[in-house]
Amino acid sequence: MRAKLEVLSRQELDNIYQTAIDILEKIGTNIEDDEIIKLLKDNGCRVGDNKIVYIPENVIEKCLKTTPRGKINIAGRDKSKDMVVDGNQKYPYIISHVLMNYYDELNDNYRTITKEDMKRFITISDYLDTI
């Protein structure tokens, strides 16, 4: 039998959820990609100055209802490195390389990630067994 650890109460989880809804609806989030902004706008989101997108609760609920549940296969170019995420793994993890901005140590500045950066990251990832 697996032990179940509950760190937050149902009320605390509900408070976090409602706060997230309030932030997305009232404060918004900055989206840099014009194609994603158009998709969100076409689906009921309001777009303000500086690419701030305000996402109403009904859009969030629709997204949550259409999110896959249960077993999800995360497939890569090398089938032997595919991962199944189903909540039963001892140490669930997902490595993400979706970065918007990062600190470029060579040039001592923050900048938006480029296609070349992504190409380098993917090449390195292909050689690492854990990714």
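Hi everyone, let's start with the sheet: it is open, has 3 strands in the order β1-β3-β2, and pairs in the antiparallel sense. Strands here are DSSP runs of E with at least two residues, helices are runs of H or I with at least four, both numbered from the N terminus, and two strands pair if DSSP finds at least two bridges between them. Since β1 (29-30) and β2 (46-47) stand at the edges with a single partner strand each, one side of each is left without a neighbour in the sheet.

A word on the model: it is predicted, local features need pLDDT of at least 70, side-chain atom pairs count only at pLDDT 80 or more, and totals for chains, interfaces and linings use all residues. Residues are numbered from 1 along each chain as its sequence is written, and side-chain values use heavy atoms, with hydrogens and water left out.

Back to the strands. β1 pairs with β3 (residues 52-54) over 2 bridges, antiparallel, and N30 stands opposite I52 in β3. Helix α1 (residues 10-27) packs on this sheet and touches β1 and β3, where contact means heavy atoms within 4.5 Å.

Now, which residues line the second largest pocket? They are L39, L40, N43, I55, N58, V59, K62 and C63. A pocket is an open set of points on a 1 Å grid over the protein atoms alone, where a 1.4 Å probe fits, with protein on both sides within 12 Å along at least five of seven lines; lining residues have an atom within 4 Å of a point. Helices α2 (34-42) and α3 (57-65) each supply at least two lining residues, and α3 gives the most, with 4. Thanks, everyone!

Technical notes: Axes fitted to C-alpha atoms, helices over the stretch in contact; angles between N-to-C directions.
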